[in-house]
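I opened this entry to record what I looked up, topic by topic. The structure comes first, then my notes.

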Amino acid sequence: MGGRIFTVGRNTISETDLVRSIVILSFTICSILISAIAFSRSIPYINYQLFFIPIVYAAYFYPRKGIYVAAVCGVVYQAVGYYYSYPDSVAMLGVTAEALLFVIIAIVIAYFIEKIRSGEARYRTVFEHSQLGIVLFNREGFSVRQTNDKFAAMLNYSEQEILASVFTDLFFIDQEKERFLDRIDKHRETTDFETRLAAAGGAACWVNLSWSMIDDHTVSCTAININARKLAEKLNNDNMMKYRQLTEHSPTSILIVVNGVILYANPTFEEFSGYGAPEVIGKELVRFLDPRDLHTYSEFAQHWISRKPVASQGKFRFIRKDGGIRVAILFTNPIVHANKPATMINLMDVSEKLRLEEKIQLDNDRRRGIIITVAHELRTPLQPILGYLDMLITDPDGFGITDDTKKILERCLVSVDRERQIINQMLELSVLESGKLQLSRAAFPLERLVHDVIDTSGYLTKADISVTIPGDIMLSADRDRIYNVFDSLLSNAINYSKPPRNVEVFYRMGSTDEFHHISIRDNGIGIPPESIENIFEPFQLADAAKLSRKYDRIGLSLSNAKKVIQLHGGDITVESVVNGGSTFTLHLPKVVKSDA
Amino acid sequence: MRKIMLVEDDQQILDMMDILLRKIGYEPVLVSDVRDALDLVKNNPPDLLLLDIMMTPVNGWEFLEKLRGEFGNRDLPVLLFTAAPEAEEKVALLHDPRIAILQKPASLPDLKAGLERFLI
């Protein structure tokens, strides 16, 4: 088709069209002349059928223009017919009917030709504009019979080069060619045959082939370029390898879960659960959980299904293959696994930690139990001693006791009382250390409390005490325990000094407004710098051996006081100069934290 | 004279309290076996019960539960006479205004104050 092209006026006409036009014109002229002769000589054998030759010819190649040709032929035929038939009206009518027949025939032909042409055009469009590569080859010998530009472009060849080749020579590796030959021997039709074809320049092109036999000798094959997908898969695989390396050696258990089903478990999880990976993969994660934690788990799962990273608030119990229980905290991360959204779950095994914590708790409880029992056992025998001493001292005459004996008995009573205090402090310490203490907070005026302590314990008889606290300062604290703190500190301030004893209690505004600062300053013996760090430790006294004998006290009150203040969210600090006195300062938060 | 029943398994304390209670003007009823106590409360009702806690085979709490529970005595004032440190917390949970604690060892003023809390 095609060939040389001529230009006539504004139209371009190909050589073929020119030839056809000449043929149509010649036949038309011939038909007119012959029919004119036939009319003039009244030859009945030759008539209008002659015109069918140019009309059919024209209508076949140029459907629309064929109708014009038929019309022209009809008009001329009618003119000639009328000229010779006049005035025979019957003959004239016949001529007109024959002329009309030309047009009808042209229209019918044009209609069918157009229809066939449009079908052809559609087929051509599909074939040439297809996104699919199409190649037709012979079943025997595999020589390529037809192809489209897409298939050629896929392999970077021209269509001519593909047409000149043998299809089986296009395979990239021989094994895949063998696989293709094997498949085409067994099946007339195949879809989704993935293989590599050799592109120009030696590169490989991944294609997805589908073929079917369109007759006994021809195979029609479509090819889809799947290079991009294969590349993505490869990248994904490379990433998976890296991923795998990370997870396989992770010290925490790692699971990859889709819709609650485990797709991957690392070796640490195998160790954690006692199950091998094949026993776990494909199963639902909940199957390994302690049924008691199912409810919390489903709540937790709601969160990570929403594809946000989450950490479990609580701990989950897992049942091991051997029936044992392990406890873990879960952390989840949304990931993409095998091109699909998935969740990566890290399990942090806290079983050992919990076991140790429980053990420590148990030890603490046991220790506290021992202290309580010991305290009970120490207190009970004091009761008869205390009772008898009280009896004798309150009624010396009744028991015939002299003044000297009474003094001795009074000293015994002081000792019993001290012993009682020591035991009480020991108990208080065990309560403070147990962490189970609930402070009963209430608001009270600070100044009033300090005066209560001084009055009740009669400290004014032992020292000169000045109190400088604004009357409107209110504390929100456990009053009884704060009372004991002031009692201990004032008692210390007095006991650790020689007359004339001066003790100052004063309130100081700090640099920030968050704390009350209350100081108790004495003019006592002071604390040596090497001891100052230890004075808040239980049973630690500054220069313990000497002081305990000299001042008759034991070192629990300061450590208890410090713990009480710390429970309130504050602290006690101390500044001291040897032989220059000490200042103990309480720092108590003004605003009470709800959890303090 | 006000009658004070002392339930206590420590003989030393019983002996001492016997003298001390008389000295300060009360009539002591001494019970060394806690299992006898309920009958005695019924037959010889005291004005106040001084009750030790750490006793065998029935401890003070169990006795108290029986007394207030199946025995049906809800009015008898009880002073828990104990060296057990956790008693205060437990008493607070009972919400019974007629139960208080007298911490062992109690001095004479402690004892007087404790008794006078219910017996004035």
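**Domains.** I began with the division of chain A: domain 1 (5-128), domain 2 (130-225), domain 3 (232-349), domain 4 (355-433) and domain 5 (438-589). These bounds come from an automatic or database domain assignment. I then looked up one spacing: the centres of domain 2 of chain A and domain 4 of chain A, taken over C-alpha atoms, lie 103 Å apart.

**Ground rules.** I noted that this is a predicted model, where local features need pLDDT of at least 70, side-chain atom pairs count only at pLDDT 80 or more, and totals for chains, interfaces and linings use all residues. Residues are numbered from 1 along each chain as its sequence is written, chains are lettered from A and ligands numbered from 1 in the order in which they are written, and side-chain values use heavy atoms, with hydrogens and water left out.

**A pocket.** Next I turned to open space. On a 1 Å grid over the protein atoms alone, a pocket is an open set of points with protein on both sides within 12 Å along at least five of seven lines; a cavity is a set where a 1.4 Å probe fits but cannot get out; lining residues have an atom within 4 Å of a point. Grid points are joined across faces, edges and corners, and a volume is the space filled by probe spheres set on the points.

The second largest pocket has a volume of about 430 Å³. I found 16 residues in its lining, with Ser21(A), Ile24(A), Tyr62(A), Lys65(A) and Val69(A) nearest its centre. Two or more lining residues each come from β2 (11-14), α1 (15-40) and α3 (63-85) of chain A. Helices (H or I, at least four residues) and strands (E, at least two) are DSSP runs, numbered from the N terminus. α1(A) gives the most to this pocket's lining, six residues.

**A cavity.** I counted two cavities of 30 Å³ or more. The second largest cavity has a volume of about 40 Å³. Its lining is Met240(A), Tyr243(A), Arg244(A), Thr247(A), Ile256(A), Tyr264(A) and His337(A). Helix α8 (residues 227-248) of chain A supplies the largest share, four residues.

**A helix face.** Which residues of helix α2 (residues 52-61) of chain A are buried? I found Pro54(A), Ile55(A), Ala58(A) and Ala59(A). Seen down the axis of α2(A), the buried residues fall within an arc of 120 degrees, so they line one face of the helix. The arc is that of the directions from the helix axis to the C-beta atoms. Buried means under 20% relative accessible area, exposed over 50%, partly exposed in between (1.4 Å probe, protein chains only).

**Salt bridges.** A salt bridge is a side-chain nitrogen of Lys or Arg within 4 Å of a carboxyl oxygen of Asp or Glu.

Glu352(A) and Arg355(A) form one (3.1 Å, N to O). They sit three residues apart in helix α12 (residues 351-394) of chain A, so about one helical turn separates them. Lys353(A) and Glu357(A) form another (3.5 Å, N to O). They are four residues apart in α12 of chain A, again about one helical turn.

I also looked up Lys23(B) and Asp395(A), a salt bridge at 2.4 Å, N to O. This pair crosses between chains, from helix α1 (residues 11-23) of chain B to the loop between α12 and α13 (403-434) of chain A. Lys23(B) is partly exposed at 40% relative accessible area, and Asp395(A) is partly exposed at 23%. Last, salt bridges that share partners join Lys359(A), Asp363(A) and Arg366(A) into one network.
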